[in-house]
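This report covers charged side chains and how they pair. Please read it alongside the coordinates.

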Amino acid sequence: RAREEAEQIQKEEEEHEARRIALEEASRRAREEAERLRKEAEGREAKRIAQEEEASEEAEQIQKEEEEHEARRIALEEASRRAREGRRSDSRQMRKNVKRNEAEQIQKEEEEHEARRIALEEASRRARLRKEAEGREAKRIAQE
């Protein structure tokens with residue numbers, strides 16, 4: 001009977017040890033998975049911040065270009081006004097050429113400005129969609 005009890009105790013100790021080892025292994029795997037998920041989240045956050053900074057820099061560049069464009073437009077209008085008012089001795093053809101050149105320059109700058117504005121809006125839209133997709137992915141990972 002004592003031998004049977006000793007064997008039973010030995011068996012229970014072995015089962016207990018096996019459960020302890022299995023729990024330690026499960027705990028280790030859970031810690032590794034949590035660390036992997038944390039690193040992924042940090043990577044996504046760093047990417048999001050970089051994208052926001054890039055979009056901000058693009059917006060600043062567009063704003064600067066808009067201001068330069070406006071200053072050039074005003075200067076061209078002023079030059080055109082001076083040409084109309086002060087150059088009566090110039091030939092009619094020369095005035096026509098100046099006006100045409102100024103109008104073409106303004107038109108060209110307005111088209112370039114519009115193209116940059118559209119490109120910024122598209123970049124902003126893509127960044128917003130990317131951010132939304134990352135949010136959905138993060139939510140999906142969190143639910144898993």
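## Basis

This is a predicted model, in which local features need pLDDT of at least 70 and side-chain atom pairs count only at pLDDT 80 or more, while totals for chains, interfaces and linings use all residues. Residues are numbered from 1 along each chain as its sequence is written, and side-chain values use heavy atoms, with hydrogens and water left out.

## Salt bridges overall

Side chains of opposite charge can pair when their charged atoms come close. A salt bridge here is a side-chain nitrogen of Lys or Arg within 4 Å of a carboxyl oxygen of Asp or Glu. Searching the whole structure gives 28 salt bridges. A network of such bridges links Glu25, Arg28, Arg29 and Glu32.

Helices are DSSP runs (H or I, at least four residues), numbered from the N terminus. Helix 1 spans residues 2-86 and holds both Glu40 and Arg36, which are four residues apart, about one turn of the helix. Their side chains form a salt bridge with an N to O distance of 2.3 Å. Glu40 also meets Arg44 in a salt bridge, at 3.9 Å from N to O. Arg44 and Glu40 are again four residues apart in helix 1, about one turn of the helix.

How exposed are these side chains? Relative accessible area sorts residues into buried (under 20%), exposed (over 50%) and partly exposed in between, using a 1.4 Å probe and protein chains only. Glu40 has a relative accessible area of 31% and is therefore partly exposed. Arg36 is partly exposed at 39%, and Arg44 is partly exposed at 24%.

## Glu122 and Arg125 in helix 2

In helix 2, Glu122 and Arg125 are three residues apart, so about one helical turn separates them. A salt bridge joins their side chains, with 2.5 Å from N to O. Glu122 counts as partly exposed because its relative accessibility is 30%. Arg125, with a relative accessible area of 35%, is likewise partly exposed.

## Glu109

Glu109 belongs to helix 2, which covers residues 92-143. Is Glu109 buried or exposed? Its relative accessibility is 4%, so Glu109 counts as buried.

Which residues does Glu109 touch, not counting residues up to four places away in sequence? Contact means heavy atoms within 4.5 Å. On that basis, Glu109 touches His69, Arg72 and Arg73.

Definitions and conventions:
Helix = DSSP H or I, 4+ residues; strand = E, 2+ residues; numbered from the N terminus.
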